[in-house]
Amino acid sequence: MTTSSSSHPVVNFSEPRGFASKLKSGFKETFFPDDPFRQFEDEKGIGKVKKAAQYFVPSLQWLPHYNLGLFKYDLLAGVTITSVAIPQGISYAKLASVPPIIGLYSSFVPPFVYAIFGSSKHLAVGTVAACSLLIAETLSSVVSPKDDPTLYLHLVFTATFITGIFQAALGFLRLGILVDFLSHSTITGFMGGTAIIICLQQLKGMLGLAHFTTKTDVVSVLRAVFENRKEWKWQSAVVGVIFLCFLQFTRFVRQKRPRLFWVSAVAPMVVVVIGCLFAYFAHAEKHGIQIVGTLKKGLNPPSIQFLTFDSRYLPAAIKTGIVTGLIALAEGIAIGRSFAIIKNEQTDGSKEMMAFGLMNIVGSLTSCYLTTGPFSKTAVNFNSGCRTVMSNVVMGFCMMLTLLFLAPLFGYTPLVALSAIIMSAMLGLVDYEAAYHLFKVDKFDFLICMTAFLGVSFISMDVGLILSVGLAILRALLYVARPANCKLGKLPNSNLYRDTEQYPVATNTPGILVLQLGSPIYFANCSYIRERVLRFIEEEQAISQSKSDIVEHLLLDLTGVSTIDMTGIETLAELRRMMESKGIKMGLINPRRDVLEKLMLSKFIDLIGKESVYLSINDAVETCRFLLQRTDKQNGDSSTFSDVL
């Protein structure tokens, strides 16, 4: 900033930066807002290599300082989340229409990958219900999991591979901005709608139905339930209700006594164990209660040879991979950040994307399907007192022992027990309080939420998501095309200028109109800004009580204008010509660097004069007031001279 001879600060009209400099600055702010390279500035040689390795492989930061004191907490947390991972893995594999053993495989390899590349200390890796159901819904439209289970499973692996490539690419290119289009309102509605349709689909297991629909919307599911009412088995329903009541009771205990969180955490495992014992000794199959079936011992077999890129099925696999990848990223990153905030810690969104991507790439090659950071498992991990991501490693080893020695025992798990576990988990995802809060605070956000909820519930998951995101983008475009502009007035006993509608006590200076523009000025909103400025002037002229109150100076506060394009510059030039024809002088207040540089390069500053560009509102108003007083004095002198003549 330059200063005048009286040391009064003035606008800095420095030479505009070159194209390369502006491109570098814009690229950095867009893709590297956290400035990750600042940590390398003071390092040299080996130190820089070490810092780079720690940046790309976060485990190298905490592992050298790891000790037994931390491990005892992570050991307890890892064992606890394993008790959640086993029933969830089998249950969600059922939702995805893949063999139950695949769900167990998916809790073995991915945790090790995340432990190396993940940046969240509290996130617990595993499969999630929403993505599991979305995979089944999308892929079953091209290949039936019943008619051709082998091809269907291969497509699941392929979709997971595509998810991994997509997520890793977003992380590498630092395009996490795409995930930001899934707003909180969209996710709330999507998860609520998904919970409803998942709960309804579990009626198949609860009632012991053999025939069911492959569609997911509420109407189709309810129609299938009642059309096949002859297949209802009361024995299965009774067992299911008992299990569900037990699970809900443990959730109630956790809410009333948070220290007893472990009761709710181990409840699904208790249901599975009791269900297995019941099915084995009571010969449940003979009484119409279906069981999981054979589960083979052994670790994950390689599945790279099963990836299929047949042109007949590839579009469905790509669609599944991208949509589920975005949802998994949004859920996993949001959950990781939520628990990090509680501990006043930070997670790196780009690192998380890379970790999720690598996790799913490796998983797709080792007989796993899509994994991310589920809320329920992460909450258990956090409440169990985990200190580092080592709890995921502990869970991985526990799952390895399960696969090697205990897997066949879980083959006796009743399907009705899995349905009860899923229903209990899903009931907690319908966030009524969040929806009501949206309704009270922002009706449009509530509309976005309900669009996702109703779209997922009554049409399909992907259509509901697209409709909600589309509505959110439409809202963003409306904000851009119809920006907030306001008239400013001076607050009494201060030099502050604020919106006169928000602060009715703010007063206007006669003959001077100060307007604040609150958004970038470019082709999408230029016409609106021009018309709005003209309307402000007309309104000001309409309420004028005397000739002295007629607007003679128009001041545009550009503090909130972050950028401007050529259409915007032409609009300002057009406004100036219109003001000139009305006898109104136009001035600009505090244009930002990028805006000022473009105005200088376009010769607009030469057009209005540097003396018409001000550093602050107070400076502009005082200058205009001085000009008005001088004009009035000159007019007064002229009038006196005429009288003498």
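Let's start with Glu-597, which is found in helix H24, spanning residues 593–601. Keep in mind throughout that this is a predicted model. Glu-597 has a relative accessibility of 4%, so it counts as buried, since the cut-off for buried is under 20%.

Who are its partners? Leaving out residues up to four places away in sequence, Glu-597 touches Pro-16, Arg-17 and Lys-22.

Next up is Ile-421, which sits in helix H18, residues 415–427. Its relative accessibility is 6%, so Ile-421 counts as buried too.

Which residues does Ile-421 touch, not counting residues up to four places away in sequence? The list runs to Pro-87, Ser-91, Leu-247, Pro-268, Val-271 and Val-272. Gly-489 is another story: it is 68 residues from Ile-421 in sequence, and their C-alpha atoms are 61 Å apart in space.

## Empty space inside

Now for the gaps. Rolling a probe the size of a water molecule over the atoms shows where empty space is left. How many cavities of 30 Å³ or more does the structure hold? There are two cavities of that kind, and the largest cavity has a volume of about 60 Å³.

The lining of the largest cavity is made by Leu-182, Thr-186, Ile-187, Phe-190, Met-191, Ile-327, Ala-330, Glu-331 and Leu-465. Two elements each give two or more residues to this lining: helix H9 (184–201) and helix H14 (314–342). H9 provides the largest share, with four residues.

## The largest pocket

The largest pocket holds about 1,200 Å³ of space. Its lining takes in 44 residues, and those nearest its centre are Phe-375, Ser-376, Ala-425, Gly-428 and Leu-429.

Which element gives the most to the lining of the largest pocket? That would be H14, with seven residues.

Leu-467 belongs to helix H21. Is Leu-467 buried, exposed or partly exposed? With a relative accessibility of 42%, Leu-467 counts as partly exposed, because that class lies between the 20% limit for buried and the 50% limit for exposed.

## Two residues with a positive phi

Last stop: backbone angles. Most residues other than glycine have a negative phi. Ser-367 is not a glycine, yet it has a positive phi of about 60 degrees. Where is Ser-367 found? Look in the loop between helix H15 (349–364) and helix H16 (375–383). Ser-367 is at 4% relative accessibility, so it counts as buried.

Asn-493 is not a glycine either, and its phi is positive as well, at about 60 degrees. You'll find Asn-493 in the loop between strand E1 (485–490) and strand E2 (497–499). Whereas Ser-367 counts as buried, Asn-493 counts as exposed because its relative accessibility is 85%, and exposed means over 50%.

Terms used
Residues numbered from 1 in each chain as written. Predicted model: local features only at pLDDT ≥ 70, side-chain atom pairs only at ≥ 80, totals over all residues. Heavy atoms only, no water. Buried < 20%, exposed > 50% of the residue type's maximum accessible area, 1.4 Å probe, protein only. Contact = heavy atoms within 4.5 Å. 1 Å grid on protein atoms, 1.4 Å probe; cavity = no way out; pocket = protein on both sides within 12 Å on 5 of 7 lines; lining within 4 Å. Points joined across faces, edges and corners; volume = space filled by probe spheres on them.
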